[in-house]
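The following note sets out points for a colleague who is meeting this structure for the first time. Please read it alongside the sequence and the model.

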Amino acid sequence: MIKRLLLAILIALPFSGFAQAKFGIINTQTLMEEMPEMNDVKTQLETASKKYEDEYQNLGEQFTKAYQDLQNLDESTPQAIKERRAQELQDLNTRIEQFRNTATQDLQRQQEQLMAPIQQKVMTAITAVGDEGGFTMIFENMVPIYTGKDVVDVTPLVKAKLGLK
């Protein structure tokens, strides 16, 4: 009899824990878009991107001019000069590709560096809301299939913690 009672308690104990669990959802993407720091991030990234675009356009113009110069060589031009110009054109094309790859990587790195403090601030606020609200878990709410009655949208609470309206 005692063994059965003990077994029943052991089986029921985990289920009683789930009944008291409190879950929350949040949409961090919309939350972060509302943060005032995002305007600075966007401005800095747009400025850097514009500089890279200008340099890329400059390299493209150099390539076009070099290509036209190669095409405009007359038939009496020695083959060695034509080959050297063609090689210069290939080298310029390689430099353009390397520049594009480097620029893309640098912009990604800058974005990660600029976003890190904002992401940390949001995570700190989410953690604080989770602790204060007694949440078991808070999930990202990008595409919820189903949200039950027990799930709380904590986005307004985190906004308040961050001082956002």
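**Notes on the predicted model**

1. The three strands form an open sheet in the order 2-1-3, with parallel pairing. Strand 2 and strand 3 lie at the edges, each with a single partner strand, so one side of each has no neighbour in the sheet. From one strand to the next, the twist averages 30 degrees. Strands (E, at least two residues) and helices (H or I, at least four) are DSSP runs, numbered from the N terminus, and two strands pair if DSSP finds at least two bridges between them.

2. This is a predicted model, in which local features need pLDDT of at least 70 and side-chain atom pairs count only at pLDDT 80 or more, whereas totals for chains, interfaces and linings use all residues. Residues are numbered from 1 along each chain as its sequence is written, and side-chain values use heavy atoms, with hydrogens and water left out.

3. The protein chain holds five helices and three strands. Read from the N terminus, its elements follow the order α-β-α-α-α-β-β-α.

4. Strand 1 (residues 23–26) pairs with strand 2 (residues 137–140) in the parallel sense over four bridges. Within this pairing, isoleucine 26 has glutamate 140 of strand 2 as its bridge partner. Strand 1 also pairs in the parallel sense with strand 3 (residues 151–153), over three bridges. Here glycine 24 stands opposite valine 152 of strand 3.

5. Helix 3 (residues 37–71) packs with helix 4 (residues 79–133) at an angle of about 175 degrees, and their axes are 10 Å apart. Helix 3 is therefore roughly antiparallel to helix 4 (the term applies to angles over 145 degrees). Axes are lines fitted to C-alpha atoms, for helices over the stretch in contact, and angles run from 0 to 180 degrees between N-to-C directions. By class, this contact of helix 3 with helix 4 has 21 nonpolar, seven polar and nine charged residues.

6. Of the 165 residues in the protein chain, 24% are buried (under 20% relative accessible area, with a 1.4 Å probe and protein chains only). The protein chain exposes about 12300 Å², of which carbon and sulfur atoms supply 56%; the areas come from the Shrake-Rupley method with a 1.4 Å probe.

7. Among contacts (heavy atoms within 4.5 Å) between residues at least 6 apart in sequence, 86% join residues at least 24 apart.

Note on methods:
Angles under 35 degrees count as roughly parallel, over 145 as roughly antiparallel, 65 to 115 as roughly perpendicular and the rest as oblique. Ala, Val, Leu, Ile, Met, Phe, Trp, Tyr, Cys and Pro count as nonpolar, Asp, Glu, Lys and Arg as charged, and the others, Gly among them, as polar. Buried means under 20% relative accessible area, exposed over 50%, partly exposed in between (1.4 Å probe, protein chains only).
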